[in-house]
Amino acid sequence: MSHTPHELAADFPEYAEKIQALKLSDAHFAKLHEAYHEVNRQVHRAETDVEPTGDEEMEAMRRERMRLKDELFAILTK
């Protein structure tokens, strides 16, 4: 399993400029973006055992990260 952080700009390089623009112009997008990155950091810390986490909590964090990523992607592709 990869323990590489899932940064949005790296996962969606074709939308890097749009991500930056929306973070500045769309408060809802900016809030979702920050929430995504917070849960993403939590998952990464758990995966690398910086902050060991139980399996159920890890899966819940991963599901939340995916939900936020899907919502952000939907906004990016409008």
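**A nonpolar core and its helices**

Modeller: The largest nonpolar core has 16 residues, and L8, F29, M61, L72 and L76 touch the most other members. Helices α2, α3 and α4 each supply at least two residues of this core.

Biologist: What makes a set of residues a nonpolar core?

Modeller: The residues must be Ala, Val, Leu, Ile, Met, Phe, Trp, Tyr or Cys, they must be buried, and side-chain atoms within 4.5 Å must join them. Buried means under 20% relative accessible area; exposed is over 50%, and partly exposed lies in between (1.4 Å probe, protein chains only).

Biologist: And where do these values come from?

Modeller: This is a predicted model: local features need pLDDT of at least 70, side-chain atom pairs need 80 or more, and totals for chains, interfaces and linings use all residues. Numbering starts from 1 along each chain as its sequence is written, and side-chain values use heavy atoms, without hydrogens or water.

Biologist: How many helices and strands does the chain have?

Modeller: It has 4 helices and 0 strands. The order from the N terminus is α-α-α-α. Helices are DSSP runs of H or I with at least four residues, strands are runs of E with at least two, and both are numbered from the N terminus.

Biologist: Why is H33 called buried?

Modeller: H33 has 11% relative accessibility, so it counts as buried. H33 is in helix α3. Leaving out residues up to four places away in sequence, H33 touches L8, I19, K23 and L72. Contact means heavy atoms within 4.5 Å.

Biologist: Why is A35 called partly exposed?

Modeller: A35 comes to 33% relative accessibility, so it counts as partly exposed. A35 also sits in helix α3.

Biologist: Which helices do the buried residues of α3 pack against?

Modeller: They pack against α1 (8-11), α2 (16-25) and α4 (55-76). The buried residues of α3 include F29, L32, Y36, V39 and V43.

Biologist: What lies at the start of α3, and what follows the helix?

Modeller: At the start, a side-chain oxygen of D26 comes within 2.9 Å of the backbone nitrogen of H28. After α3 comes D49, with a positive phi near 60°.

Biologist: What does M61 touch?

Modeller: Apart from neighbours within four places in sequence, M61 is in contact with V39, Q42, V43, A46 and T53.

Biologist: Why is the pair of Y15 and F73 called edge-to-face?

Modeller: Rings of Phe, Tyr and Trp (its six-membered ring) pair if their centres lie within 6.5 Å; planes under 30 degrees apart are stacked, over 60 edge-to-face, and the rest tilted. Y15 and F73 are 6.1 Å apart, centre to centre, with 85° between the planes, an edge-to-face aromatic pair. Y15 lies in the loop between α1 and α2 and F73 in α4, so the pair ties together parts 58 residues apart in sequence.

Biologist: How many aromatic pairs are there, and which residues do ring pairs link into a cluster?

Modeller: The structure holds 2 aromatic pairs. Ring pairs link F12, Y15 and F73 into a cluster.

Technical notes:
Polar contact = N/O pair within 3.5 Å; in protein donor to acceptor, adjacent residues only side chain to side chain.
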